[in-house]
Amino acid sequence: MQRALEIAEKGRGKVSPNPLVGAVIVKDGEIMGEGYHEVYGGPHAEINAMRGANSSCKGATLYLTLEPCSHHGKTPPCVNSVMEAGFKRVVIAAVDPNPKTNGKSITMMMDAGIEVDVGLLEEKARRQNEIFFKYIATSMPFVILKAAQTLDSKIADTTGHPKWITSDESRAFVHSLRSYVDAVAIGARTAVIDNPRLSVRHVEGRDPYRIILQDRTELPGDLHLFKDNEDNKTIIAAPPNEMDIQNHKQNAIMWSVDAYEDGTLNLTSLLIKAANQSISSILVEGGSLLFTSFLKRKLVDKIYIGIAPKIVGAGTPTFQELGIDTLEHSIYLSEVEYFRKGEDIWVCGYPIWR
């Protein structure tokens, strides 16, 4: 099962909004085939494993990180192929949360006389597919907040000129994060000041959708997000009264999104809009006001903060006022991981509001 989880990772950034799935076939104590879900719309992991098997699967054991599907989607139900192959035993890490399957395949296989075991390395499997599990359960995207800051918690100096705070290694890591998610989101002011591309250039991978959250900031037509929009994946999310002002931008997709009373975009409405467009994950990259808004409204599922060994004193803080008065009410990160990228320290965890 550990091997199945490892090869499932090969599909990250390629199969969304489908889950990552790995499969390993074992017979007479030896691995005789393995496969993973390689591309959205393509064969699923168990089918690829069976096609790559070096002998008949009759009497073998199939290890799967997620329950096989039992419904028609982009491909036929995989559970039928599993039953026809003659497996003696199927070991599943996690039950598919999709209501179209959700235990149905397990029942079908057991009724067919296959021994089925469920729950081996379940937590690892669920964490691997945290995006899929949230998207299916809530019909909302999984939101990741990413910030790169100095030791004294600044994401920009006083000049306002765009400049990378963290190292080249951190930059490559951020590009890998972009390649894993469906969309990247920034505020309009950040789009103007930093003029980013929000593409994947330092690692192999697909470019995400690029969402600009419009406020009252005018977006020049010569921004990279518009000039380098050959893939037509730049989105302007604007209140209804801003639509006519911004809809002339080159090939930009326009989203009309409700606003709060203060005129800022309603982030919940934005996430619903994104989910309706099959965007299952969003990486929030800035700036400070947007970070703060997502945290205030408890809409963040995971946080990455990269800390460079630099001190600038004055500058733009990573977060603005969050309405937290005591440490007891601070946002706490659980399941924290620390790792290095070049000379930077990265902190990753899941926010808990208290």
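Which residues does R210 touch, not counting those up to four places away in sequence? I will start there. Keep in mind that this is a predicted model.

R210 sits in strand β9, which covers residues 209-213. Leaving aside residues up to four places away in sequence, R210 touches V184, R197, L198, L225, D228, N229, D231, K233, T234 and I235. Its relative accessible area is 2%, so R210 counts as buried, the cut-off being under 20%.

Next, the backbone. Most residues other than glycine have a negative phi, and most peptide bonds are trans. Here are some exceptions.

S16 and P17 are joined by a cis peptide bond, with omega about 10°. P17 is in the loop between α1 (2-8) and β1 (22-27). Another cis peptide bond joins G286 and G287, where omega is about 5°. G287 belongs to the loop between β12 (281-286) and α12 (288-296).

Then the phi angles. N102 is not a glycine, yet its phi is positive, at about 30°. You will find N102 in the loop between β4 (89-94) and α4 (104-111). With 43% relative accessibility, N102 is partly exposed.

L121 also has a positive phi, near 55°. This residue lies in the loop between β5 (115-118) and α5 (122-128). L121 is partly exposed as well, at 30% relative accessibility.

That is all from me.

Note on methods: Residues are numbered from 1 along each chain as its sequence is written. This is a predicted model: local features need pLDDT of at least 70, side-chain atom pairs count only at pLDDT 80 or more; totals for chains, interfaces and linings use all residues. Side-chain values use heavy atoms; hydrogens and water are left out. Helices (H or I, at least four residues) and strands (E, at least two) are DSSP runs, numbered from the N terminus. Buried means under 20% relative accessible area, exposed over 50%, partly exposed in between (1.4 Å probe, protein chains only). Contact means heavy atoms within 4.5 Å.
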